[in-house]
Amino acid sequence: MRRTARDTEAVDGISKARTGAGSRAALGTLTAAGTLLALLLPTGPAGAATPHGSHRSPAPRAALDAFWTADRMRAAAPLDLGAPAKGPGASAARRTAGAVPHGAPLKVPPTLPQVPRLPRVPAALSGVLPQAGGPWTGQGAVTTTTGRVFFTYQGRNASCSGDAVTSGNKSTVLTAGHCVKLQGAWHTNWVFVPGYHDGQAPYGKWAAASTLSTPQWTASEDINYDVGAAVVAPLDGKKLTDVVGGQGLSFNSGYNKAMYAFGYPAAAPYDGTKLIYCSGTTLKDPLFSHDHGLSCNMTGGSSGGPWFTSFDEKTGTGLQSSVNSFGYQFLPNTMFGPYFGDDAKALYDKAQAS
């Protein structure tokens, strides 16, 4: 659905152009997960809420399960992010400023559920790198660990994507920062629906007990740190990754890597009913962020979906190394995702210890 500048705050797309602090005046407008939106809109101050590192959900799990009916999930608007680029002189500042903090590389292996056994991927699927956007027709763990995220934002129902990961609490979901908090306010009615398909929740609706983000996103919605997490409550006495499995993770893994990106884009030409993926070799954003870039035409609603290095098409497992975050209007069919450095690792550690 195309929108004019007058429509940038409409719910059909939930586009926003005022997410930064005053020190981050916009040169251009970015949009979550590659959806096009109005160019060169100015930014204003973020919401007045005092920054906090996490938000606890007061809503009972049963109430959220009843709230998110199939019709509500189908009707949830994809969340678009009108995030600011850096201001005048940003190019020079970017060259001289420190990059996203890096540390020693760290890999966390995936965990697989005991049942069901993973189906074999059809032979025709092998060797699909690169892919700029298409339905995932294989099977494997990615079909159970990846799902849609639903929440209420400014009184409206919206959607993103997310991924269950290996964690000490067996209950951690990674997503984008703007999929848990935007314009100074934490989203409410937050649930994760792994394996979502056209209004169906084959593995249940997992309600967030708490949502978290990086300090940089929480304080000023810095696009370089657009990473969020949720700790979900048990469902029917079971923990999330015991049911659907958990993907591995990789921090400080470098740039220019072969990666696969997954998500549930819900803005045209997609409709949010299917798991979509892209694959290829990433580049480092040469413009206004320190993010990875990938040729990908996924649209709004795919925000927060996982990017994997070392992805195995046969098992559907990999090491999560980023999330779908934003795209530039003037650079179509390219997705950007934050570098998983020390701050992303600290967020993961905080979430899995909750």
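User: Let's start with the cysteines. How many disulfides turn up in the whole structure?

Analyst: Keep in mind that we're looking at a predicted model. A search of the whole structure finds two disulfides. One joins C160 to C179, with an S to S distance of 2.2 Å. The other is formed by C278 and C296, whose sulfur atoms are 2.0 Å apart.

User: Where does the C160 and C179 pair sit in the chain?

Analyst: C160 is in strand β8, residues 156-164. C179 is in the loop between β9 (172-175) and β10 (181-182). The two cysteines are 19 residues apart, and the pair links distant parts of the chain.

User: And C278 with C296, where are those?

Analyst: C278 belongs to strand β17, residues 276-281, while C296 is in the loop between β19 (292-295) and β20 (306-312). That's 18 residues apart, and this pair also links distant parts of the chain.

User: Are C160 and C179 buried or exposed?

Analyst: Both C160 and C179 are buried. C278 and C296 are buried too.

User: Which hand does each disulfide have, left or right?

Analyst: The torsion about the S-S bond of C160 and C179 is about -80°, so that disulfide is left-handed. For C278 and C296 it's 65° about the S-S bond, and that link is right-handed.

User: What's the pattern if I count bonded cysteines along the chain?

Analyst: It goes 1-2, 3-4.

User: New topic: rings. How many aromatic pairs are there?

Analyst: The search of the whole structure finds 21 aromatic pairs. Take F308 and F311: their ring centres are 5.5 Å apart and their planes are at 20°, so the pair is stacked.

User: Are F308 and F311 buried or exposed?

Analyst: F308 is buried, with a relative accessible area of 0%. F311 is buried as well, at 12%.

User: What kind of pair do Y328 and F336 make?

Analyst: An edge-to-face one. Y328 and F336 are 5.1 Å centre to centre, with 75° between the planes. Both of these residues are buried.

User: Which residues do ring pairs link into a cluster?

Analyst: The cluster holds W136, Y260, F262, Y277, F308 and F311.

User: What about charges over rings? Where do R72 and R148 sit?

Analyst: R72 lies over the face of F67, 4.3 Å from the ring centre. The charged end of R148 sits over the ring of Y196, 5.0 Å from its centre.

User: OK, the core. Which residues touch the most other members of the largest nonpolar core?

Analyst: That core has 43 residues, and F151, V173, W190, F192, L240, L249 and F340 touch the most other members. There's another core apart from it, of 18 residues, among them Y196, L275, Y277 and F311.

User: What does F340 touch?

Analyst: Leaving out residues up to four places away in sequence, F340 touches L174, V227, S250, F251, N252, Q320, S321, S322 and V323.

User: Last one, helix α7. Which of its residues are buried?

Analyst: Helix α7 covers residues 342-352, and its buried residues are D343, A344, L347, Y348 and A351.

User: Why do you say they line one face of the helix?

Analyst: Seen down the axis of α7, the buried residues fall within an arc of 145°, so they line one face.

Conventions:
Residues numbered from 1 in each chain as written. Predicted model: local features only at pLDDT ≥ 70, side-chain atom pairs only at ≥ 80, totals over all residues. Heavy atoms only, no water. Disulfide = S-S within 2.5 Å. Helix = DSSP H or I, 4+ residues; strand = E, 2+ residues; numbered from the N terminus. Buried < 20%, exposed > 50% of the residue type's maximum accessible area, 1.4 Å probe, protein only. Phe/Tyr/Trp six-rings, centres within 6.5 Å; stacked < 30°, edge-to-face > 60°. Lys NZ or Arg CZ within 6 Å of the ring centre and 35° of its normal. Core = buried A, V, L, I, M, F, W, Y, C linked by side-chain atoms within 4.5 Å. Contact = heavy atoms within 4.5 Å. Arc of directions from axis to C-beta.
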